[in-house]
Amino acid sequence: MAEASITFLGAAQRVTGSCALVRMGGQRVLVDCGMIQGGEDAEELNRAPFGVNPGELDAVVLTHGHLDHSGRLPKLVADGFAGPIFAHPATAMLAEVVCRDSARLSQSWDGGALYDEATVERMLRLMQPAKYGQTQALGGLEITFRDAGHILGSCHVCLEGGGKRLLMSGDVGARDTPIIRDPTTDWGGAAPFDAVVIESTYGNRLHKGRPETLAEFEEIVRAAVRQKAVVLIPAFAIGRTQELLFQLRNLEAEGKLPRVPVVLDSPMANRVTRIYRDHVADCYDAESRALLATGQRPLRPEDLRETTSAEESKALKKQAGPMIIIAGSGMCTGGRILHHLKDFLPRKSTTVMFVGWQGQGTLGRRLVDGAKSVRIHHETVEVQGKIATLNGFSAHADRDALVAWARALPGPVGRFLVNHGEPDGTRGLVEALGQAGLGAASAAEVGQVHAL
Ligand code: ZN
C-alpha cells in the first residue's frame, strides 16, 4: 500500500487533546490519545467518537504521559481498541497514574465517569515499553523514539514506512530543563523527513531565561519567608513539581534560600516523584546523576513534607508560615489547590505563583488575567493576595527554540505541519518557520487529511 497520510483528530488550533491518525507502511497508527482540557465543551468533546474506528487501528504510539496526550486511551480501549500501545517505560508508568486519576475525577462529571479503573487495567495490559533509540517494527512500519526533553520519558516519534519518513515532535522540551536531558539532536542518520509535525504551544512567544526566572522565584520565596507568609504553587503533577523540588533543593544547597517548609500536597505528584526517582539510568541528565553520585538527593529540599490525607491538607490553613504549598491541579480546575485558594487568596500576604501554561476558560487563567474575585465551590472568593506568573519554568520550547529545533533537523524537510497551539501560537510558528526559510509550513486543522 503506497498510501501515506496524517489526519489530525485533536490538538489542532488548540493545545489539548493531542491525537493524530497516521497511515503509513500499510498500518494505521494513532499517535497520542489525549484529553481535551478547559472550555465548556471539553466534556462533550472527550465523550465524542474518535473520528476513526478504534477496532481498525493497528497500534497506538504515546509521545509522553501528560493527560492531554494520554488521557483518552482507556476510552479508546473501551471503544474497541485492542492493539499494542508503544510507549517509553516511564511514559507507561506515568500514563497509568494519569489515567487512574482521571477515571476517578471524571466520576464527578455531569454525564458520569468517562471510563473506569477496570478499563485502565485493560489499557495497561496493552502497553509495550520501548526505549529511546530502539526501533519497533509493525508490519511495514518502523517506529523509533527519540528523547524530547519535555518530561520524564517524553519522546519525539519517527515513523518510517513505504519510502516515507514522518516525524511527530510531541511536546518539545526547553533546553536546560533540570533532571532530564535536553531534546535530542540525534536522528539516527541524515535522511530527511517528508513531513514534520511540530507543536506550537509557545509558537508566538519567548520565555524569560531560566536564570532570570529562578531569581524571581528566589525573591518571592525570600519575601514570603521574611513575612512568614504562604506561597501557593498550583503545579502540574508531572514535570513541573519535580523541577520545583529540584530548584528549591538547589537554592538551599547554594545558600540562596533558608530552609523553608515545602509541603507537597498532592498524592498524584508524590506518586510521580517516585517514578522520577526510578528512572535515573534511562532519563536523567549528567548534572542530576552527578548529584546522586555524591549522595545528594536532587528532588528533596531539606524540609520536604508530604501530606498523607485530605484532612492534613485542609489543616494547613491553620499552620503558621512561612510555607510553600505545592498542590494540583496546575490550572486550578480541580484538586486540593482549590481549598487552598479559598483559604489563602483573601489574605494579602499570600502569593500564588503560576509556573505553567494556563488554558483558556480555567480558573488559573482568570487569576493570571487579573480577576479581582473568583468563584470556587459555588463561593465568591476575593483575590487579595499577589499573583505571580513565572513563564521561564516552561517545559516547552518557545518560538525561537522551536525554530532552532526545526533548523537542526536533517534537511531539507518536505513540510511542516504545525499543531498543538492556540490559533495565535500556531500562526506565530507558521510565520517564524517561513521567515527562517526552513520550508513550507501550514497550520493543522482537525479532520484534514494530509497526504505524505
Ligand atoms: Zn506535555
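This is a predicted model: local features need pLDDT of at least 70, side-chain atom pairs count only at pLDDT 80 or more; totals for chains, interfaces and linings use all residues.
**Zinc site and cores: a quick tour**

Visitor: What makes the arrangement around the zinc ion irregular?

Guide: The four donor atoms subtend angles of 91 to 169°. Residues are numbered from 1 along each chain, and side-chain values use heavy atoms, leaving out hydrogens and water.

Visitor: Which residues coordinate the zinc ion?

Guide: His64 (NE2), His66 (ND1), His150 (NE2) and Asp171 (OD) do, at 2.2 to 2.3 Å. A donor is an N, O or S atom within 2.8 Å of the metal (3.2 Å for Na, K and Ca); with water not among the atoms, a site may look incomplete.

Visitor: Why is histidine 66 called buried?

Guide: Buried means under 20% relative accessible area, exposed over 50%, partly exposed in between (1.4 Å probe, protein chains only). Histidine 66 has 16%, so it counts as buried. Histidine 150 is buried too, at 2%.

Visitor: Which residues have the most contacts inside the largest nonpolar core?

Guide: Ile6, Leu166, Phe217, Ile233 and Met353, in a core of 72 residues. A nonpolar core is a set of buried Ala, Val, Leu, Ile, Met, Phe, Trp, Tyr and Cys residues joined through side-chain atoms within 4.5 Å. Another core, of 28 residues, lies apart from it and includes Leu30 and Phe50.

Key: Four donors count as tetrahedral if all angles lie between 85 and 135 degrees; four count as square planar and six as octahedral if opposite donors are over 155 degrees apart and all others between 65 and 115; anything else is irregular.
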